[in-house]
Structures are given as C-alpha cells and as structure tokens.
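Reader: I'd like to learn how to read a model like this one. Could you walk me through it?

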Amino acid sequence: MILSCSNICKAFGSETILDQVSFHIEDHEKAAIVGINGAGKSTLLKIIVGELGADDGVVALSRGKTLGYLAQHQDLDSSRTIYDEVLEIKRPLIQMEERIRFLETEMKDKSGEDLDNMFREYNRLSHEFERLNGYAYQSEVTGVLKGLGFSQEDFTKTVSTLSGGQKTRVALGRLLLVNPDILLLDEPTNHLDMESIAWLEGYLSNYTGSVIIVAHDRYFLDRTVKKIIELDGGKATVFTGNYTAYSEKKAMLRQARIKAYLNQQQEIRHQEEVIAKLKSFNREKSIKRAESREKMLAKIEVLEKPVEIDDAMDIRLEPQVISGNDVMTVKNLSKSFGALHLFSHVDFEIKRGERVAVIGNNGTGKTTLLKIINQMETADTGEIHLGSKVQIGYYDQEHQVLHMEKTVFEEIQDTYPGMTNTQVRNCLASFLFTGDDVFKRIGDLSGGERGRVSLAKLMLSESNFLILDEPTNHLDITSKEILEDALNRYTGTVLYVSHDRYFINRTATRILELTGQSFLNYIGNYDYYLEKKDVIQGLLAAENAGKDSKGAAAGFTVQGLQAAAFQKASSSEAGSNKSPAGSPKASDWKAQKEEQARIRKRQNDLKRTEEEIHKLETRNGEIDELLTREDVCRDVPKLIELNKEKESLEESLMELYDLWETLAGEEE
C-alpha cells in the first residue's frame, strides 16, 4: 500500500462534502474518483496533496514516496518558451551533463591524484546519467510535448501568451516528466484532442507508478483504471474494475436495494394487514397471534428507501414533424480562413434517423462545419440542401445563441411565449433550475449551467434535425448518460461534434472523420471506427501513393476506398458467421437455445405459481370474510369446515410462497 485515506471528513459551512471517506491505493495501481458535480472529487485530491486541510481523518503516504498533482486550472506565468518550460524539469540532468562535459575538458590537462579524483567523479556521474536515461531526456521532452498535441512550431511560443487549455497541457507535460510515485490528475483530458487522449492513455497504462484520476471521460477511464472510488452523498464506495464494470455493478446494486426495499415494504404491509385481521376476530387466540406478529414486526430492521436520482436532468427529445428521408445533402463544400485551409470538396448526405458524429483533431474545422450548416458562417464554395420538412435545433458549445443579459426564466419564456409561467418553471426544474435559480442572469451562470439552459431550449424546440457542438462539455457522468439515452430514443436525425468517445460509442450510427482537409466515412460507432481506421487509412495511403506515381491506382477515390474496405469487412464478417455443424459456434447456439427453453419454463412456472397464490389468497380472504359473519359463526359444522379449509389453504400458501421465492431467485 502506497497511499491510505482513513475517515476523511470535510465540510464547508453547514454543507458536508466528505463524510468518513476511506480507501487505499496500492503500488502501481490505477484508480479513478467519480461522482456528480459537487460530490467533492477535486476537494479530496486537494486534501491528499495537502493544499486543503481535512476537518478529520488521516492521509498516510508511504515513506520516501512522492506525489505529483495536476489541478484543473493552471495559471503559468513564464517568459520561457513551451519547450524550455518543460525542459526545466530536467534541470538536474542538464547540470549533470554540463558537469560531465566540464570534467571531460579538464581531465585532458590533469595528472596524478587530481586526475584520479576527476576520473572517479566522471565515472560516478556518467553511470548515474545513464541510469536516469540522460542521453534521451531531450527526445523524451519532445515526445511528451508532441503527444500532448504541440507541434514543432509551437515549441517556441512563450508560455505567458498561451490559452488556459494550452497552459494546462504544458503543466501536464511537466508533471509527466517529473515521474512521481503517485500521479493525481484532475480532469487531464480537458483541452486534449482525441489523438492526444489516446497517447495519454498509452502513457498512463505503461506508467510505473500509481495514478489517481478525476475525469468525466468514461472511455478514457475504461482504458486506464482498474479501480473506481465513487463519492456519493459524502460517502465513498470502492469498486474493482474499469468504469463500465463499475457502472454495471452500481446499477445491479441499486436494483437490488430497490427490490429489497420494495419486498420488505410489501412484507410489512402484508403483516400489518394480517395483524389487523387477527385483531378484528376479537378472540383471545387471534389477539395473541396478532401481538406475536407485532413483536416480530418491531424487530425488523427497516431498510432505508433508496435515494431517488433527483439531481439528474429530465430530457425528452421528440420531433413535432417527421422530416423527409433525405435530411441534408452537402456538395463541394470548402472553407478557409486566410492561409488556414480547413477543408475542401466535401460531399456527404444524411438520412432520416441517422446519428452522425463528426470527429477530428482540434483546429480541423468541425465546429466551423456546423456553423456553416446553421448559417452562422459562410462557405467559400459548395452547397447545402435541406430535405422536406426539416427543422433544425442547434446546440452551441460556446452558447452564442443565449442572451447574456436575460435571466434563465426570460430566456425560455421569450423564446417560447406560448408557455405559461408554471410550464416554464416545470421545464427548468427538469434541468435542475429551481426556486430563485430561474432568476439568475445567463451571464452569471457557469459553463455547465449555460449548457443546461441550451439543452432545455433544444428539448422545447421539437426539432427533427439536431445539430450539437460538444453537447457533453461541462456535464457530469450522470447527465451525460441521460443525454445519451434521450438521443438513442430520439426518432429524428442528429449531427454532432464531440471528443467524448464513450458518448460517440453509445450514440453514433455513423462517423465522419475530418482529416487531411477531407472527410472519411465509417458506418458504425467509435469501436467500429477504431477497428477499421487502419484499413481505411492504409487504403488511402495506397491511393495517394498511386496518385504520386500516376499509376492505375490513381483513379481510386476516398469513397471508393471506403466502399472497398466496407465490402471487405462485410464479407469477412459474413464468412466468419458461417459455422459448420458441430463447430464451437453451433454448440454455443444449441446451448443458447436450451438455456432459452429453461428460462421460458422457469418463467411459466413462476407465472403459474403466482396465479395459484392469487387464487388461494383470494379464497383465504373470502373465508376470513365468512368467518366474521354471524350466521356462519352460529353454524358449527360450517365453521369447522371453513377453518379446516383455511388451515389447508395456509399450508398450501406457505409451500407456494417457498416455491415462488425459489423460482424468483432463479429468475433474478
């Protein structure tokens, strides 16, 4: 164990953020801290590194181990260039190298004991320099900077002139080169494009130390961590596995808690009904039985009702009018800004029902493409045709379509004047704006809050063609999952730009990659894109080589290459699906059919048992009713007959209850 957090508590005023939080990190372990916005993730990191004091609890770091911390926001103010700023981390190696070179020069003119002393120092320094990989430190710096998305031309830019995101990347580069025993990274994928995130994934996967990450990038977490520390309501719960495993386990645990609670409540109600019925008989034996049941009921440890997810948005996207099948056609589209050439001769179509993700590195023109489609920018060349009855709803990552001087309430009411005050408030409550929150000025909101206002307007628009620019920015993981589910249920058409690979993987039916000033088309989600990317790019390279040599291959087009790759992939998959009798796939199919038959039989048995229980319980209730009637109570033979039937019914019911529990357990 390299790090231990025991019973960490932290409150701000009357609000408790962390309550008895405990976990530990092993050497070489990669872990993530997850939770909704405001759960205390960044606060916990600051307590671990000592930037913030805990109200109670202990943080214990193994002796001699070092911590490295990347905060979300960096304020580097340096006159050095990017390269020199990061290179400064290697100052001890630089000084060692300078000393080695000095000794090499001085030893030429020395002899005797002086020479021996210098030679011993030279050998010691050379050995240490080599052990610390000193001969590669410059290439290491270059590799990290390029991995984080800086080009060779960027290396000479002054740090003080950089944007906040660029400064964060410089700080991350410095931290990675320090190589501490434990890396603590707060949202490290912010400001990184997909290639840089993929590079960072590989770097962290091979990192020899331990890593603790706070991130909303679920795809990134899936590929880097093996432990999840969830903060929820101030408490910490530790899960083994990556994010997907955690998500599945959490859903199962929540369902189990809900089921246990409902079952217990049902049992409590049943016992209360039985007690009331026994007391109503007003007989000594019945009253004693009722009292006995009351004592048993009082000893039950009542389960707390699972907390509803009331801090999550309620998004319901549904088009008012169905568009034609051809939603949009783009032909020969080009765009440049001065000497910066973004894309040219772009052609593609979008059909109704598609969810198309546009991906590519930062600065390639993805957002510009969406703005051209939404008539916020003008193309240099080309045409965009919208299909029949197409109504566009636009979500802008910079929220330029919001009015900064208006309140949240006014923004919705002015856009949709037909809505009543109550309807506006109900809509805003679905997006977590309640009470006086609705009277906050748009200009005073955080990025996440503005994003929620934009999503509320989008939901109310009832558009059938949604154009979204980085819709998951500033959203916590729960809100992202809600948006994913809403888009997957949406019957209209979606075109969006996103760096969130998990979001793309869950929602996209097609991917357009903007690379080399043109688009490559992939029919599938992000996993499919990764699988076919090398094939497509290999064929594209062959096409370019053919063009250079002016050979026969020069006649190929990108679309043709993609079609060939798709056909090749399809035929390969089709071939792989042919399984001879007796093959493993045939055996799997047979086993699957047998399992399905067993499941159907169990479900039928469960249904029959439930019907029989209902039938006997109904008759039992009828007998209870009869036993309260005076004419029956006076008819002794009838009374005896009914009591015998009731005893028999209750015995049968107990057997059926046991059988039902067994079948229900198997069903679960």
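**The open sheet**

Author: Happy to! This predicted model has an open sheet of three strands, in the order 11-10-13 with antiparallel pairing. Strands (E, at least two residues) and helices (H or I, at least four) are DSSP runs numbered from the N terminus, and two strands pair if DSSP finds at least two bridges between them. Local features need pLDDT of at least 70 and side-chain atom pairs 80 or more, while totals for chains, interfaces and linings use all residues. Residues are numbered from 1 along each chain as its sequence is written, and side-chain values use heavy atoms, leaving out hydrogens and water.

Reader: Which strands stand at the edges?

Author: Strand 11 (340-351) and strand 13 (381-386) do; each has a single partner strand, so one side of each lacks a neighbour in the sheet. Strand 10 (residues 326-337) pairs with strand 13 over five bridges, and Ser334 stands opposite Thr381.

Reader: Which strands does helix 11 touch?

Author: Helix 11 (residues 366-373) packs on the sheet, touching strand 10, strand 11 and strand 13. Contact means heavy atoms within 4.5 Å.

Reader: And how should I read confidence?

Author: pLDDT is the predictor's confidence in each residue, from 0 to 100. Where pLDDT is low, the predicted coordinates should not be read in detail. Here the protein averages 85, and 90% of the residues score at least 70. Over residues 550-559, however, pLDDT is below 50, and this stretch has 14 contacts beyond near neighbours in sequence. Residues 564-579 also stay under 50, with 13 contacts beyond four places in sequence.

How values were computed: Axes are lines fitted to C-alpha atoms, for helices over the stretch in contact, and angles run from 0 to 180 degrees between N-to-C directions.
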